2 protein chains.
Amino acid sequence: MLSKKAQYALKAAGYLAAKGGANPVQIAEISEKKQIPLKFLENILLELKKAGILESKKGKGGGYYISHAPSDISLAKIIRTVDGPISMLPCVSLYFYEKCSDCDEEHCNINRVFAEARDATLQVLEHRTLQDIM
Amino acid sequence: MLSKKAQYALKAAGYLAAKGGANPVQIAEISEKKQIPLKFLENILLELKKAGILESKKGKGGGYYISHAPSDISLAKIIRTVDGPISMLPCVSLYFYEKCSDCDEEHCNINRVFAEARDATLQVLEHRTLQDIM
DNA sequence: TTATTATCCTACCAAATTAGTAGACTAAAA
DNA sequence: TTTTAGTCTACTAATTTGGTAGGATAATAA
């Protein structure tokens, strides 16, 4: 399951996408409209910014806005940024790979099946973008 | 990500499947061969039994064995038994559905995308069985 | 230049979950 | 009736999750 953090991230990013390009929206507005705890949302948006998904402007008239066209920001990227791996096993993760302790990956069938599952999931999440959830 | 518990469950069930039908295998043997902490494995196998995936025999010559043909036990069922939902959001879960607080499911696009992701994942995990990981 | 606005950043905290352990109990064989 | 092997309840330590607090910093406007 996605963490609350990831769910909030998707909602917030979707909201910003709907608001259009370089049009700064304040954290407070997103928090209120999307019912996300303000201080928690601060952390989340900052993370999304550091990942290059959002940009921000400080001071009066400032806020957050998306850095690319909505159709260029995949849901997979947002999820990875806040939750880490999408795969169900570390040893089949593309971005967060970790070797499993005692299995030979060449011959491990569990491995193989979960690589299939990963591909199936990513087929959706890499191609669905903010465009699809605005 | 799958919990350690789910990973252990898959390994143990795969081992039992490889051992064939009504052929009781002791917890200790599985624990040793698959490198799973004994007492933890006890709990896991008991859960799998209660879910109808395994059967057991007590006393000398006892142990655990799979209750159906390996090809009749899907990986999805094992995962759900020990980890709960496979979906990424409660509101698209088939077996552990929970309404989301403030989203209208008829019109929620996030919802719709994650139902797609769920279907893609399940397409693999419902059709892949112990047969595939023995 | 100084007040105001709004993001940035570090650190903390409580509750829940995860990963496992302990130990007594029960049923089946030998 | 002893041994064997699963059953069951309860506990615990470590980690993760879901937040909060409060000051620092940067941009704008009076």
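1. Let's start with how two helices of chain B are oriented. α1(B) and α2(B) are roughly perpendicular to each other, a label used for angles of 65 to 115 degrees (under 35 is roughly parallel, over 145 roughly antiparallel, and the rest oblique). Helix α1 (residues 4–19) of chain B packs against helix α2 (residues 27–34) of chain B at an angle of about 115°, and their axes are 10 Å apart. Here axes are lines fitted to C-alpha atoms, for helices over the stretch in contact, and angles run from 0 to 180 degrees between N-to-C directions. Helices (H or I, at least four residues) and strands (E, at least two) are DSSP runs, numbered from the N terminus.

2. A word on the source: this is a predicted model, in which local features need pLDDT of at least 70 and side-chain atom pairs count only at pLDDT 80 or more, while totals for chains, interfaces and linings use all residues. Residues are numbered from 1 along each chain as its sequence is written, and chains are lettered from A and ligands numbered from 1 in the order in which they are written.

3. Back to the helix pair in chain B. On the α1(B) side you will find B:K11, B:A12 and B:Y15, which meet B:I30, B:K33 and B:K34 of α2(B). Residues are in contact if their C-beta atoms, placed from the backbone, lie within 7 Å. Three nonpolar, no polar and three charged residues make up the contact of α1(B) with α2(B). Ala, Val, Leu, Ile, Met, Phe, Trp, Tyr, Cys and Pro count as nonpolar, Asp, Glu, Lys and Arg as charged, and the others, Gly among them, as polar.

4. Now look at chain A. It has six helices and two strands, in the order α-α-α-β-β-α-α-α along the sequence. The C-alpha trace of chain A spans about 60 × 25 × 20 Å along its principal axes.

5. Helix α1 (residues 4–19) of chain A and helix α4 (residues 75–83) of chain A cross at roughly 140°, and their axes come within 9 Å. That makes α1(A) oblique to α4(A). α1(A) gives A:K5, A:A6, A:A9, A:L10 and A:A13 to the contact, and α4(A) gives A:L75, A:I78, A:I79, A:V82 and A:D83. By class, the residues of this contact are eight nonpolar, no polar and two charged.

6. How do the two chains relate?

7. The contact between the chains takes 24 residues from chain B and 24 residues from chain A. On the side of chain B that touches chain A, α1, α5 (109–125) and α6 (130–133) of chain B give two or more residues each. α5(B) gives the most, with ten residues.

8. Finally, DNA strand C. Of the 25 residues around it, A:S56, B:S3, B:K4, B:P37 and B:G59 come nearest (a residue is near if its C-beta atom, placed from the backbone, lies within 6 Å). α3(A) supplies the largest share of this surface, four residues. By class, the surface near DNA strand C has six nonpolar, nine polar and ten charged residues.

Terms used: Contact = placed C-beta atoms within 7 Å.
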